[in-house]
Amino acid sequence: MALRFACFISSCREGRMADRMVKLIQAQFNQTMQPKGHQLELIDPVKYDLPLLKKPLHFYKDRSEAPEILQTLNEKVEQSDCFLILTAEYNMNLPPALTNLMSQLPPPSFEYKPSGLISYTLGTRGGLAACVAARPYLAELGCLPVKHMTTVSSVHQEVNEDGSTENHFITESLDDLFQQVAWWGEATKLKRHTDGVPAKKGYF
Ligand SMILES: Cc1cc2nc3c(=O)[nH]c(=O)nc-3n(C[C@H](O)[C@H](O)[C@H](O)COP(=O)(O)O)c2cc1C
């Protein structure tokens, strides 16, 4: 079953390491997932350039009055079957650009779809703290993270500017992550199509 993956980028920093990580992910995805018919869409906070969160889309009584860029972003998320979260680690936590982007959107756009975490740092911890912080956040949005995570330490040495790496543990880890996300992605897509999702009685 062909799936649409959406990959969120977490950094807006000039000279960000995110760019080489994106190239690495794209290359690996093209090699192992594209032949199976899967597609990868990037969601970049630099491209969307949203202001600090003042009014999320779901707080508009009439969503057609929300900024068009927000509606476009939401359509992309709604059309996705699963998510990859490419996160840096800022102060042992998620970078604000990531949560500022994702929190603008209604949780139902993410719900009943899996996510997979990829983190990186210049240092030796690989962004594990950001991944741990991401898990409850993603659960709250309703796109539960799969078990596997890909963490990349010393990203400036392990991944070249063009996205290439000599470290086969990184590419193998990405493949494991893609497989797990695809497994859950196919299962949830099928279930959404056959049975829909449970109706909600309360707001939370
Ligand atoms: C505000 C800020 C906080 C950071 N906090 C951490 C941290 O908690 N742990 C860590 O390993 N690296 C930390 N770093 C270093 C980042 O791992 C490094 O700058 C990385 O390149 C950030 O990703 P980016 O270049 O895509 O923005 C921090 C960097 C910034 C800018």
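Reply: Here is a close look at the sheet and the helices on it.

This is a predicted model: local features need pLDDT of at least 70, side-chain atom pairs count only at pLDDT 80 or more, and totals for chains, interfaces and linings use all residues. Residues are numbered from 1 along each chain as its sequence is written.

Five strands form an open sheet. Their order is E2-E1-E3-E4-E5, and the pairing is parallel. Strands (E, at least two residues) and helices (H or I, at least four) are DSSP runs, numbered from the N terminus. Two strands pair if DSSP finds at least two bridges between them.

The edges are strand E2 (39–43) and strand E5 (145–152). Each of these pairs on one side only. Neighbouring strands are turned by 20 degrees against each other on average, direction ignored. Axes are lines fitted to C-alpha atoms, for helices over the stretch in contact; angles run from 0 to 180 degrees between N-to-C directions.

Now the E2 side. Strand E1 (residues 4–9) pairs with E2 in the parallel sense over five bridges. Cysteine 7 stands opposite leucine 42 in E2.

Next, the helices. Helix H1 (residues 18–32) packs on the sheet. H1 touches E1, E2, strand E3 (82–87) and strand E4 (115–120). Contact means C-beta atoms, placed from the backbone, within 7 Å. The direction of H1 makes about 145 degrees with that of E3. Helix H7 (residues 168–195) lies across E3, E4 and E5. H7 runs at about 160 degrees to E5.

Key. Contact = placed C-beta atoms within 7 Å.
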